[in-house]
Amino acid sequence: GQGGDPQAIAYYPKESFMPNTKMPDQVKALYINAEGIADCELYLDVAKECAGINAFVVDIKDCYIDTQLAYASPVGKLYAPSTSNIPNSYETYRENVKKIKDAGYYLIGRITAFKDDSFAYDHPEEALLYNGSLYRYGSVHWPSIFSRKMWEYNAALALEAVNEMGFDEIQFDYVRLPEDVEDVDLRNTYDETRAQAITSFLRYVTEVLHEHGAYVSADVFGEISGAKTEEFSCFVSYYGQFWPAISNAVDAISSMPYPDHFSDYAYGIENPWLHPGELMYSWGRASYHAQEKTYDPAKCRTWIMAQNSDVYDVYYGADFIEAQIEGLKKAGVMDGYMTWSASSNLYKYSSYASVLN
């Protein structure tokens, strides 16, 4: 397929390293966006209500409509100086991150790797092109997954977050191309397949961060684990993700099987967004088999949907959250979970406290 031949990817065992903080056997995390970190005490109060929560995922770099650095990063200023959406000073961000660390929580920093409007604007020679102009998808310009300068920026930002802010793990999101790149110039300088580029990037940042005592994780689409079957059914996606290669490259693979991302009768389930427990079990079994067939697999730590569905107008209460967690447990992929709420809604998190165990 267009993503590339999986046999062309090199697979190696991960070398051991000395982590700054040992990763919990099961990481159970609340997500805090860039604005929310200023209210970290409120999130810590909610976490204390939850029997299972032992970690936080905190934004370092995000890109929704435009690029957002969570703090005034010297590395960000160097590589993407046009970035203007910065809600926290360097000092304020570091102080609040330290409060979370001092409270005893495992700390994960989230970086959107290849969805970065500011970097693409500042370095058009490193960005995707369409008819000679910067390519825009989802209202955002995208750097190329083949751009070594983009790799370098992500690694440098991650190192700053580990060494200056104290993060235990860096999580790379959007490690992929946009969903639609037909007739787009991908700026493939080195004639690599898409999957080769994604895997090589993750190997690169993992090697760099391991040298500094930090773990590495990667977010992937839920679909790439394949269908519910006893047979190995993973595939190399159009946008460059291949489960076994990514799982082999990092310390934790974090899929995003949000119920409202699945179409009607996915895994044979009518309206799967209304049956999150059944869906998570079926998806989880596919992931279990993908992990079984992966050389030196990473931890399988899953994002669960912790916000209402705008797509299907469904209210997700504590029963829906509990069903997702129980479905994952039943499927045998319980290396942990992370709560996805784009707004990091404190009220929602508090309402789920009794089931986040």
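Guide: Helices are DSSP runs of H or I with at least four residues, strands are DSSP runs of E with at least two, and both are numbered from the N terminus. The model is predicted, so local features need pLDDT of at least 70 and side-chain atom pairs count only at pLDDT 80 or more, while totals for chains, interfaces and linings use all residues. Residues are numbered from 1 along each chain as its sequence is written, and side-chain values use heavy atoms, without hydrogens and water.

Visitor: Is D173 buried or exposed?
Guide: D173 belongs to strand β9. Buried means under 20% relative accessible area, exposed over 50% and partly exposed in between (1.4 Å probe, protein chains only). The relative accessible area of D173 is 5%, so D173 is buried.

Visitor: Which residues does D173 touch, leaving out those up to four places away in sequence?
Guide: The C-alpha atom of D173 is 7.5 Å from that of V220, and the two residues are 47 residues apart along the chain. With contact taken as heavy atoms within 4.5 Å, the residues touched by D173 are R110, I111, T112, A113, F114, D219 and M256.

Visitor: Which residues of α1 are buried?
Guide: Helix α1 spans residues 40-49. Its buried residues are C40, Y43, L44, V46 and A47.

Visitor: Within what arc do the buried residues of α1 fall, seen down the axis?
Guide: The buried residues of α1 pack against β1 (27-32), β2 (55-63), α3 (90-102) and α10 (346-351). Among the buried residues of α1 are C40 and A47. These buried residues line one face of the helix, because the arc (of the directions from the helix axis to the C-beta atoms) is 160°.

Visitor: At what angle do α5 and α6 pack?
Guide: Helix α5 covers residues 148-165 and helix α6 covers residues 194-210. Their axes, lines fitted to C-alpha atoms over the stretch in contact, with angles from 0 to 180 degrees between N-to-C directions, lie 10 Å apart. The pair is therefore roughly parallel (under 35 degrees; over 145 is roughly antiparallel, 65 to 115 roughly perpendicular, the rest oblique). The packing angle is about 30°.

Visitor: Which residues of α6 make the contact with α5?
Guide: On the α5 side, the contact uses W151, E152, N154, A155, A158, L159 and V162. On the α6 side, the residues are A197, S200, F201, Y204, V205, V208 and L209.

Visitor: Within what distance do the axes of α8 and α9 come?
Guide: Helix α8 (residues 276-292) and helix α9 (residues 318-331) cross at roughly 30°. The two helices are therefore roughly parallel to each other. Their axes come within 7 Å.

Visitor: Which residues of α9 make the contact with α8?
Guide: From α8, the contact takes P276, G277, M280, Y281, W283, G284, R285 and Y288. From α9, it takes F320, A323, Q324, G327, L328, K330 and A331.

Visitor: How far apart in space are E278 and K330, C-alpha to C-alpha?
Guide: E278 sits in helix α8 and is partly exposed, at a relative accessible area of 46%. E278 and K330 are 52 residues apart in sequence. Their C-alpha separation is 9.8 Å.

Visitor: What is the phi of D191?
Guide: D191 lies in the loop between β9 (169-173) and α6. D191 is exposed, with a relative accessible area of 70%. Although D191 is not a glycine, its phi is positive, at about 55°.

Visitor: Near what value is the phi of Y265?
Guide: Y265 is in the loop between β11 (252-256) and α8. Y265 is a residue other than glycine with a positive phi, near 70°.
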